[in-house]
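Let's take a walk through a protein model together. Keep the picture open while you read.

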Amino acid sequence: MSRETDREGEGAEPLEDALLFAPPEGPGSRAPITARSRLSRGVFILPTLFTVGNLFCGYLSVWCSIRGTFETAAVLIFVAAVLDLLDGRIARLTNSASRFGAEYDSLADLVSFGVAPAVLAYSWGLADFHRLGWMASFLFVVCGSMRLARFNIQTRVVDKKYFIGLPIPAAAATISALVLATPERLVSQVWMTGLLVLTVILSYLMISTLRYRSFKDLDLRRQRRAWILPVIALVFAVVAYRPAATLLAIALVFAASGPIAKIVSVARDRRRRPA
């Protein structure tokens, strides 16, 4: 299930999940397979299929980046993000969350949101920098893997309302949205330099201690004011009219929200201090 968004409710590995990997009790013995155990195995397969789909999209994105079909590679990363979001939801709905699924999801996330966007960024606009380009793209992979590892050990410690550091799917979405906005391979030295700087900044934000809203405390069942409906309709209209530009704007705003919130917090603390 999703490590970056859906670790809530995770506990000890259920008995049915452990039975999938347990060896027979003795030579020639066969454990009785009940209807309940067969159903449990089927339920555990369901969220895992979404994780496999996430991993497949990441792998296919790398292949498309190498071939030069950058727009398809970027779309596949967004599809992987949707699958990553769904597998955690399905695991919770079917009560099939497990330690195995959580660890497997982390490995899939590293491919789909670490390796795939790094290869995409290098193939799309960093290749002309040669050594500096692949070093920047590798830095993205390293920081993404550290972000996932830190998230795994801090799940039960940090406030669930916030992520510590930029989530790796958000960093990957920023690069993918930029490619969707301008799918042709970069030729301008200015734009390539901007991509290099952006890749390094995103890498730092992932391992930083800046806080980002997780929106897990957002209650969609609460009654809202009537003016919220036209706003939602306007947002959908903008997305439908310019999807690539809108996704890029959302990704950049979210990536910048952490540093901006930190600056505002520091400014408030300074105002409150006595002169």
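Predicted model: local features only at pLDDT ≥ 70, side-chain atom pairs only at ≥ 80, totals over all residues.

Residues are numbered from 1 along each chain as its sequence is written, and side-chain values use heavy atoms, with hydrogens and water left out.

Start with α9, residues 243–272. Helices here are DSSP runs of H or I with at least four residues, numbered from the N terminus. α9 has 30 residues and stretches 42 Å from first C-alpha to last, close to the 44 Å expected at 1.5 Å a residue (that is 1.5 Å times one less than the number of residues). Look at S257: α9 bends there by about 35°, with a proline, P259, following within four residues. The bend is the angle between axes fitted to the seven residues ending at a residue and the seven starting there. T246, L248, A251, A255 and G258 of α9 are buried, meaning under 20% relative accessible area (1.4 Å probe, protein chains only).

Now find α6 (residues 168–181) and α7 (residues 189–207), whose axes cross at roughly 165°. Those axes are lines fitted to C-alpha atoms over the stretch in contact, with angles from 0 to 180 degrees between N-to-C directions. The two helices are therefore roughly antiparallel, the word for angles over 145 degrees. I168 and L178 are among the α6 residues that meet α7 residues including L195 and M206; contact means heavy atoms within 4.5 Å.

Last stop: S65, in helix α2 (residues 35–67). S65 is buried, at 2% relative accessible area. Leaving out residues up to four places away in sequence, S65 touches F70, A73, V119, L120 and S123.

Key: Buried < 20%, exposed > 50% of the residue type's maximum accessible area, 1.4 Å probe, protein only. Parallel < 35°, antiparallel > 145°, perpendicular 65-115°, else oblique.
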